There are 2 protein chains.
Amino acid sequence: MAQKPGIPKGTRDFSPEEVAKRQYIMSIMKANFEKFGYQPIETPSFENSETLMGKYGEEGDRLIFKILNSGDYLSKADENHLANRDSLRLTSSISEKALRYDLTVPFARYVVQHQNDIQFPFKRYQIQPVWRADRPQKGRFREFYQCDADVVGSNSLWQEVELVQLYDSVFADLGLDGATIKINNRKILSGIAETIGAKDKLIDFTVALDKLDKIGEEGVRNEMIEKGISAEAIEKVQPLFSFTGNVDEKLEKLSALLSASEEGKKGIEELKFICDNVKALGLKGATLDLDVTLARGLNYYTGAIFEVVAPKVAMGSIGGGGRYDDLTGIFGLKNISGVGISFGLDRIYLVLEELGLFPETVTSAPIALFLNLGEGEALFSMKAVSELRNSGIRVDMYPDKSKTDKQFKYAEKRNIPFVVTVGEQELIDGNYSVKNLVSAQKWTVSFNDLKELLSDNF
Amino acid sequence: MAQKPGIPKGTRDFSPEEVAKRQYIMSIMKANFEKFGYQPIETPSFENSETLMGKYGEEGDRLIFKILNSGDYLSKADENHLANRDSLRLTSSISEKALRYDLTVPFARYVVQHQNDIQFPFKRYQIQPVWRADRPQKGRFREFYQCDADVVGSNSLWQEVELVQLYDSVFADLGLDGATIKINNRKILSGIAETIGAKDKLIDFTVALDKLDKIGEEGVRNEMIEKGISAEAIEKVQPLFSFTGNVDEKLEKLSALLSASEEGKKGIEELKFICDNVKALGLKGATLDLDVTLARGLNYYTGAIFEVVAPKVAMGSIGGGGRYDDLTGIFGLKNISGVGISFGLDRIYLVLEELGLFPETVTSAPIALFLNLGEGEALFSMKAVSELRNSGIRVDMYPDKSKTDKQFKYAEKRNIPFVVTVGEQELIDGNYSVKNLVSAQKWTVSFNDLKELLSDNF
């Protein structure tokens, strides 16, 4: 026998059960995206390399999967780089296409390319796989889905309000109560940097401050000083070390702290608008919290910054996003502000699994298996099967006239709860013997009663 | 301004309208696949090259997109092939992965890899993109979706019966009445080859016979003789030149014609079982027809062969499939018979478009746009917007306080039928002014009436 085949590291096969659960999450996202006015687009799996390269930094470039040109690709290969065995520089002469690394750059490309057909503000969502040549490790894959909702072409902060609601609404529909939607604003971070007089130390500052719970105030101060932040600077932002209370209280503390920074004050104003209106509209199950240490994608975001933390399980962030002021600038379309959020499908899956939140109805398995006891019996069964299917009920018939025992085992192993038998007697009487494999209950019923029984349990 | 960006030839961006229409088709397929007991799997976009190479013939190998190894790929490049500038032979030393070319080989790989977790017969469906480095042309793309349903692990002909029903059921749900499901059997083709005493001429024979309608009996005969089929051989299968009537009549003619061929008789018997039972169970809108010229994938199929032709429009086949007796043998798991069908998503899309069969409700666009006339008005509107969204109704608010005119135009261009205005007066009265942009009708209503109005039109 040949060696058992495998799949490339960092990729996954999904079983019927896994596909059903993933589709359940995605269908809830889609329904909410659309309720909130976002419309779907899809872009090709591979883009021209020039569209992707240089957009994610040097490390990003390295992690992009390149597609080898078709045919006699060496005929166009750069001879110098080939002679020097310079893999890095040779690539562009033997590869013109690359697999999508995220959905954001293709979205920017889409907006610029189709700008004449698009109505701005343009609200789009996109749920598609992306590929990264990352070192595979637990929970990190080389192929994974991103689920993004973005709106471009408006500066209105109502969009940030709506995105908080969108997170809340998706989690509510998933039954995931108690998620924390953390919010910050790039302008507040700039205000803090101004206040401590050290713009280049901002990341060091927020990283250290974020450890307050773990290493205590003394530890944080030591780390900051190690990183070259002066003791006086730390003194100036002392209130951040006891930054507790509700959002209003935190905003008040920030107002006092950043009163000298125009940008900081603007950031507070923006945050206040968002938080006030979210409060006025109410959330279903999530909590909005201000976190001044939140700095993800700092070089990218220009206004609001979001990150979502799941309740009860230690999982890292299950979503994130923010406002960026010039996304499409990289493709020549200036002054288009955008804001968007992303849902982490794989992590949300793990959270729902761990908390037992997948409904039992999330399955694609049939509710009943008809046994096959011979050609005449099978035809009689298939008539019922067809009619049940026409009513939208998932049922199946065992295709072969195998031993009854084997057919029962098949139903069990496929987790099909009901087995329907049509044998000689049933054929004469025109009825069906049904067994519930879970409760071991048995019935002999007419077709209409069979249909009702299965519908009730479907 | 930078050059407007583009996408690789043979690939497509899909607009919101196109995505909604494609999802509509796919959701009908999925619902039917599951009603018929098929369960979804998903496999990675790229496979190890050895999984794919050599499975589709030389031409297929050439059309597979190869992924360049990450990092310093030249360090492992074969020096001889490099020195000879032998692109073809070099590939395997600088590329270990390749994009999926179809869903069948990955499915076979999946079955063998997971054979211990699978219950046979295993009914799976798979809807995923595949990639081919084909020359792009009208209707042929380098990235396109395949939609396959297969069952492996049983020889039962009930599965063929069911697959005919599945085609019929999908087309019925799509409103596409009058599709022709053509059926043939590899064994009948073998019987014909035996009868004309020229196995190697079988394809030439069927290709010529298929032209009967176009070039007439004389033309077909001439073409056959040109291809080296003897006049006596042609005489022996004379009945195929007037091969009309219903399926039963055709089967009778075949019985007489192939009475000397054991394999031919077996093929007739199989076809008879399938056609008799399909007839007994009935079809909703499609017609099953026997077509002895049907020979697609001849080297692949071992039993039934299917092909579907759309009604009213010239589109080529919109689906096809058949039985294959040793799919998983290529990965070392012998004696697993399978049968499956495929739906041509792109062509079905074009057929539905041409026949105007997409329901108007197939859209992801909001039903109503709330205007933004100021902060207080917007908050009042957003409360209504949130409650409508909670009821599952897609609505949107214009994010900026722009000129009313501009906001109305935005609704028009996005094809949003209702515009809701909350101005000073509405804010005082606590109600909503609604305009239907299509009929120009206007109402001033309470929230409950607004909700009812929008629900009724949703």
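User: Where in chain A does Asn69(A) lie?

Analyst: Asn69(A) sits in the loop between strand S3 (66-67) and helix H4 (79-83) of chain A. Helices (H or I, at least four residues) and strands (E, at least two) are DSSP runs, numbered from the N terminus. Please keep in mind that this is a predicted model, in which local features need pLDDT of at least 70, side-chain atom pairs count only at pLDDT 80 or more, and totals for chains, interfaces and linings use all residues. Residues are numbered from 1 along each chain as its sequence is written, chains are lettered from A and ligands numbered from 1 in the order in which they are written, and side-chain values use heavy atoms, without hydrogens and water.

User: Why is Asn69(A) called buried?

Analyst: The relative accessible area of Asn69(A) is 14%. Buried means under 20%, exposed over 50%, and partly exposed in between (1.4 Å probe, protein chains only). At 14%, Asn69(A) therefore counts as buried.

User: Which residues does Asn69(A) touch, not counting those up to four places away in sequence?

Analyst: Asn69(A) touches Ser93(A), Ile94(A), Ser95(A) and Glu96(A), where contact means heavy atoms within 4.5 Å.

User: What makes Arg140(A) and Asp134(A) a salt bridge?

Analyst: Their side chains come to 3.6 Å, N to O. A salt bridge is a side-chain nitrogen of Lys or Arg within 4 Å of a carboxyl oxygen of Asp or Glu, so 3.6 Å qualifies. The two partners fall into separate accessibility classes: Arg140(A), at 35%, is partly exposed, whereas Asp134(A), at 17%, is buried.

User: How far apart are the closest N and O atoms of Asp405(A) and Lys409(A)?

Analyst: They are 3.9 Å apart, and the pair forms a salt bridge. Both residues lie in helix H16 (residues 404-413) of chain A, four residues apart, which is about one turn of the helix. Asp405(A) is exposed at 53% relative accessibility, and Lys409(A) is partly exposed at 46%.

User: Why does Arg389(B) count as buried?

Analyst: The relative accessible area of Arg389(B) is 2%, so it counts as buried. Arg389(B) forms a salt bridge with Asp396(B), with the closest N and O atoms 3.4 Å apart, and Asp396(B) is buried too, at 1%. Both belong to a network of salt bridges that also links Lys123(A), Glu162(A) and Arg414(B).

User: How many salt bridges does the rule find across the interface of chain A and chain B?

Analyst: There are eight. One salt bridge between the chains joins Arg109(A) to Asp13(B), with the closest N and O atoms 2.5 Å apart.

User: What area is buried between chain A and chain B?

Analyst: About 9,500 Å² is buried, and carbon and sulfur atoms give 57% of it. Buried area is the accessible area (1.4 Å probe) that two parts lose on being put together, summed over both. Lys35(A), Glu42(A) and Trp158(A) supply 7% of the area that chain A buries against chain B, more than any other three residues. In terms of contacts, 108 residues of chain A meet 108 residues of chain B.

User: At what angle do helix H9 and helix H10 of chain B pack?

Analyst: Helix H9 (residues 202-209) and helix H10 (residues 212-226) of chain B pack at about 145°, with axes 8 Å apart. Axes are lines fitted to C-alpha atoms, for helices over the stretch in contact, and angles run from 0 to 180 degrees between N-to-C directions. Phe205(B), Val207(B), Ala208(B) and Leu209(B) in H9(B) meet Leu212(B), Val220(B), Glu223(B) and Met224(B) in H10(B).

User: What is the omega of the cis peptide bond that joins Phe120(A) and Pro121(A)?

Analyst: Omega is about -5° there. Pro121(A) is in the loop between helix H6 (104-113) and strand S5 (122-131) of chain A. In chain B, the peptide bond from Phe120(B) to Pro121(B) is also cis, with omega near 0°.
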